[in-house]
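Work through the following exercises with the sequence and the coordinates at hand, and try each task before reading its solution.

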Amino acid sequence: MTLLLALGAAWTFCSAPAADYYSFDLVTTKNLPGSGYASGTVEVTFAPSPFGVSLAGDGSYSYDLRVRVERVKPPRDGVLVAWVATRELDRVARLGVLGEDFTAEGRVAWNKYIVVVSHEAEDDPAQERWTGTIALRGMSRSGMMHTMAGHGAFQQENCAAYGYGN
Amino acid sequence: MTAPPPAWRPAPIVLALAAFITLLPAGVRSQEVPWTPMNRGSDNIDVLGHLPLGHRLSVADMDVEQEMDRPYAYVARMVYGTDGPKGTDIISIADPEKPELLYEWRIEDQDLHQRTGGMDVKHFKWNGRYYLVQSLQFGQGGPDTDLGAVILDVTGLPDPSTVREVARIREPEMPGGFHNIFIYKHGDGRVYLFTTANAPGALIYDLGMIVDGDLDDARVGMVPVPGEGSRGYHDFYVGYHPDTDEDRFYGGGTGGYYIYDVSDVANPELRITLTGVSGVSYGHTFTPSPDGRYVIAETEYQYAPLRIFDLQPALQGEVSNIRSPISAFTADWRHLVHNHEVRWPYVFVSGYLDGLQIFNLQDPLNPVTVGYYDTYIGPPNTDRYSQFNGAFGVDVRNEDGLILISDMSTGLWTFRMDGFQGWDGEDWGYPNISSAQDWDAPPRRPISQ
């Protein structure tokens, strides 16, 4: 009984809304009509597990992502689709179509990643990568970690402002 | 009862000083520059054309082809502000009064790429074909942090459908991309790309090898920066030096400025240093006169003038280091002047907040401003470094004297200066040497042959 209660508590804890630090912003590209003032957030929580930590097959942490977009006008045709991609864009996964509440959910098991919201012609679950206009994008907080060696020459980069829209 | 205060009477010296100040010209009193939003240029400068290119702070350096039957300018596109494209624009100047955008190359998924994007752009010719090299800088957190440059085949212009991508130069061990680049037709007949990177020197690539398909072996050398802990170079120029029959590299970077013999690109040899110069801890753009005696040296901070150095004591072997300029030029002492193109005795300057500036170095001890046009009438930045706005890049077409400016916020400009109808160094008693390359000239022979 004690074990079950503990598992239940852990489940509840992991399903709780993400703290501010576990979310990151989505920044508009202004490339899609009606999205010029759009903003959004991606809440990141550990994927629930009765064992406390959920891991992917390769040992990476699994995270649940909840994408929420605000101040965007519904497209006249087509749909808004949320994606997650590695920083190098060599791997892309489809999170899903943003519903009427402009939210979508999905799971990722990468350490550093980018969330993309694009405008697509139709809801095609088999689609492997965006082909339409990118409306918003955001970088995981882990993605802000980078090496000094990788600072561009003479970029005068502000590490604290790393990401989109800075 | 108190006595009334005595009437105040100014002392004679105060009256004299007040009269002197009153009689001074307005410009002297406030140290104002002559260009204003309503009177932007000197009388001898004609604005031929202007092509706005979009967002504020979205334009970087530029390059113009020298052959009159290839009237194309290339403009690097970056995001230094908050919006803009990342790539390069190809612009026709067949009619300099109506520059026309022909083609836009953009990095794919540009909205997902971090940092600025395009920075410097140059062109070259190899085996009868023309190419464009666009330097690129992408930050971590997004794709292509190892991408330094893209090469486009632009032979088929003005038909934009013929532009095709030939190669991408990547340096995974030196992420962050390439900043400034220079392309030089070497005395050995090859065409080399010199580039800044996160490296302790300037990387050298054989562009012929790259476009012929041998990218893996194309990095053929590096011009080092002397000293430990070097951040490398910021900008450079490479040119033939007739007096020594050497191909010489002029680079600004950590500690100052350096001149190398790069006749053998695999084994650069240091010739002259300019270090210990007051106010110069890091050199920027560095360009010699056609004969290599004088150099114009930039540093990248507010209030810094262009410094003029005479290398003669070092060229004659009396010293190996020069540390004192003989003169200086600035447009507005409160600002900063940037890149420059030397067409002796003229120096064409992209003067950031002060636009196009042209000065004459016929008397190197006394640079004289001979023309200007303010391409940017806005204020200094408040969201970025205050000085980095306005005229960024400058180039000159030698055949007809066309002057071009790429402005970070207002786009591409074309100008003519009265009395400057082209440039050939021989006309001024100098070798015909400038940043403009003669792609079809045969390789120079050693003097001994």
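**Exercise 1. State the strand order of the open four-stranded sheet in chain B, and find the strands at its edges.**

Step 1: the order is β1-β28-β27-β26 in chain B, with antiparallel pairing, where strands are DSSP runs of E with at least two residues, numbered from the N terminus, and two strands pair if DSSP finds at least two bridges between them.

Step 2: β1 (45-51) and β26 (391-397) of chain B each have a single partner strand, so one side of each is left without a neighbour in the sheet.

Step 3: from one strand to the next the twist averages 20°, with axes fitted as lines to C-alpha atoms and angles running from 0 to 180 degrees between N-to-C directions.

Step 4: within this sheet, β27 (residues 402-407) and β28 (residues 411-417) of chain B run antiparallel and are joined by five bridges, and B:Leu404 stands opposite B:Thr414 in β28(B).

Before going on, note the conventions. This is a predicted model, in which local features need pLDDT of at least 70 and side-chain atom pairs count only at pLDDT 80 or more, while totals for chains, interfaces and linings use all residues. Residues are numbered from 1 along each chain as its sequence is written, and chains are lettered from A and ligands numbered from 1 in the order in which they are written.

**Exercise 2. Decide whether strand β4 of chain B is enclosed or open, and trace its pairing.**

Step 1: six of the six residues of β4 (residues 87-92) of chain B are buried, so this strand is largely enclosed by the rest of the structure; a residue is buried if 20 or more other C-beta atoms, placed from the backbone, lie within 10 Å of its own.

Step 2: β3 (residues 72-77) of chain B runs antiparallel to β4(B) and is joined to it by six bridges, with B:Asp89 as the bridge partner of B:Val75.

Step 3: β4(B) also pairs in the antiparallel sense with β5 (residues 100-106) of chain B, over six bridges, and there B:Ile90 has B:Tyr103 as its bridge partner.

Methods. A residue is buried if 20 or more other C-beta atoms lie within 10 Å of its own, exposed if 12 or fewer, and partly exposed in between; C-beta atoms are placed from the backbone.
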